[in-house]
Amino acid sequence: MSEEKNVAQTKFSEQELIRMDKLKDLEELGVDPFGSRFDISDYSEALKTKYADVSKEELAEMEINVSVAGRIMTKRGKGKAGFMHIQDNDGLIQIYLRKDILSEVEFTLFNKCDIGDIIGIRGIVFKTNTGEVSVKAKEYIHLTKSLKPLPEKYHGISDDEIKFRKRYLDIITNRDVKELFLKKQKFWSTVRNYLIENDFLEVETPILETSSGGAAATPFATHHNALDIDVFLRISMGELWQKKLLVAGFEKTFEIGRQFRNEGMSNEHLQDYTQCEFYWAYADFKDGMEFTKELYRRITKAVMGSSKFSTRGFEIDMDDEWKIYDFETIIEETTGVNIFNTTKDVVMAKLDEYKVEYDTNIGFWRMVDLLWKVVRKDLSGPGFLVGQPVELNPLPKRLKEDPRKVAQMQIILAGSEMGNGYTELNDPLDLEARFKEQRAMSEAGDEEAHEHDETFIEALRYGMPPAFGFGVSERLFSVMMDRPIRECVIFPLMKPKA
């Protein structure tokens, strides 16, 4: 055996070597192993739906010619005839092939093909004796040779590590995964269409920023070589930029894009993910509650096909009356602690009672936020959380009836926050004072404190109209699907193999 053959055998499996040998067979037949363009006239599911109620005899008389293409997923038959199923964008369709109809080369191609090859078929629609809508091949066109075998059909990919690293294989072998991402497209298109219908302007704001403003989160830092400055990947969907556009006179704006937070991973959290934020001049958080309620109902019906879905042990109906949860009241009712009349030691003791891990160096209000996260786990929703303390978010306006709290609402679903909005603070003097408080929190060790953004303060000094702002991420989609958020990202970030 030659040295070249020995090297090949150590690099490739036996099945791969057999498939590579078939490249030569194709070339000897005058066939390009990696094909060229092919015109598709029809797709599997549409064909099967269209002719589902047409009888076998009627279909035969109609002689409907079609061109279909896809990946070979099954193959059977010997001698003068055979069957295969090809998988296209919509699903599977059966192909019937006969030696007396195809050319000698075409039938040879069928005999030599492998599961995973991509082919085109021109033929006639017909029904088998079992009533399956199929295509009788008149022409067989080889399009792409698959050099590696697909995972075993009935077991697919069971290892999550391989699923995420080779998502393309997961999608090929598991139709449910493909359906998941088709639903995700409906999710975001519904959001975008709803906002555009309501006269919002879609905008694009910077991903690289010189300060990480607009949210309480830890940013990713990098260096801009051309300008020789340190920059951050954005932690919000252009929040401060969109508010500058309110100053500029754009009354309704939104952006859908990727944002980045250098924080822990969990079933609900990723470091880079898709978010939508919109800003609405002359509105407040109560207007926003009605507006987002209708948005979420539309999303649910578009993605789930109804107003109802099950997730995390909760039965959700978005058409139900939405509950109102007051931050102070719900925590006191559940834990017995009044957040405005207690001490850090009391809150720490309560966190210990609930077996919550925490850093003792974090501030009092971060501990209160951890206590809230315990409480929310049992809240089904749909509903709105209101009455949050001003110390937890410096950007909303204060409530006139209770200046300790802000005019903020968060959507609660299945024990989690599924959207955040508030009446924007447009008083530059108040905001500057709050930013100073946040700076003190940061110096005391709070990594999630908001950064002071002087350029935003300056813009506010020119005058920003009263406004409502809101953000929702793909976490909502993952909860609707009742899956960890990482499974709902088509290509999640993976640690390189050692």
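Student: Which element gives the largest share of the lining of the second largest cavity?

Tutor: That's helix 2, with 3 residues. Keep in mind that we're looking at a predicted model. Helix 2 covers 14-28, and helix 5 (104-112) also gives two or more residues to this lining.

Student: What makes K22 a lining residue of the second largest cavity?

Tutor: A lining residue has an atom within 4 Å of a cavity point. K22 is on the list for the second largest cavity, along with D25, L26, L109, K112, C113, D117, H142 and K145. By class, that lining holds 3 nonpolar, 1 polar and 5 charged residues.

Student: How many cavities are there, and how do you know which ones to count?

Tutor: The cut-off is 30 Å³ or more, and the count comes to 2 cavities.

Student: What lines the largest cavity?

Tutor: R258, M265, L270, Q271, D272, R486, V489, F491, P492 and L493. They divide into 6 nonpolar, 1 polar and 3 charged.

Student: Moving on to E417: why is E417 called buried?

Tutor: Buried means under 20% relative accessible area. E417 has 16% relative accessibility, so E417 counts as buried. You'll find E417 in strand 19, residues 416-423. UniProt, in an unreviewed entry, lists E417 under "binding site".

Student: What does E417 touch, leaving out residues up to four places away in sequence?

Tutor: W372, R376, Q410, I411, I412 and R475. For a contact, heavy atoms must be within 4.5 Å.

Student: What makes the E417 and W372 side-chain pair a polar contact?

Tutor: The distance limit for a pair of N or O atoms is 3.5 Å, and one must be able to donate a hydrogen and the other to accept it. The side chains of E417 and W372 come to 2.6 Å, and the pair counts as a polar contact.

Student: Now helix 11. Which of its residues are buried, and what covers them?

Tutor: In helix 11 (residues 327-335), the buried ones are F327, E328, I330, I331 and T335. Their cover includes strand 14 (323-326), helix 12 (344-353), helix 13 (364-376), strand 15 (383-386) and strand 17 (402-406).

Student: What is found at the start of helix 11, and what follows helix 11?

Tutor: At the start, a side-chain oxygen of D326 reaches to within 3.3 Å of the backbone nitrogen of E328. Helix 11 is followed by G336, which has a positive phi near 85 degrees.

Terms used. Residues are numbered from 1 along each chain as its sequence is written. This is a predicted model: local features need pLDDT of at least 70, side-chain atom pairs count only at pLDDT 80 or more; totals for chains, interfaces and linings use all residues. Side-chain values use heavy atoms; hydrogens and water are left out. On a 1 Å grid over the protein atoms alone, a cavity is a set of points where a 1.4 Å probe fits but cannot get out, and a pocket is an open set with protein on both sides within 12 Å along at least five of seven lines; lining residues have an atom within 4 Å of a point. Grid points are joined across faces, edges and corners, and a volume is the space filled by probe spheres set on the points. Ala, Val, Leu, Ile, Met, Phe, Trp, Tyr, Cys and Pro count as nonpolar, Asp, Glu, Lys and Arg as charged, and the others, Gly among them, as polar. Helices (H or I, at least four residues) and strands (E, at least two) are DSSP runs, numbered from the N terminus. UniProt positions are given in the numbering used here, feature names are shortened, and annotations may be inferred rather than shown by experiment. Buried means under 20% relative accessible area, exposed over 50%, partly exposed in between (1.4 Å probe, protein chains only).
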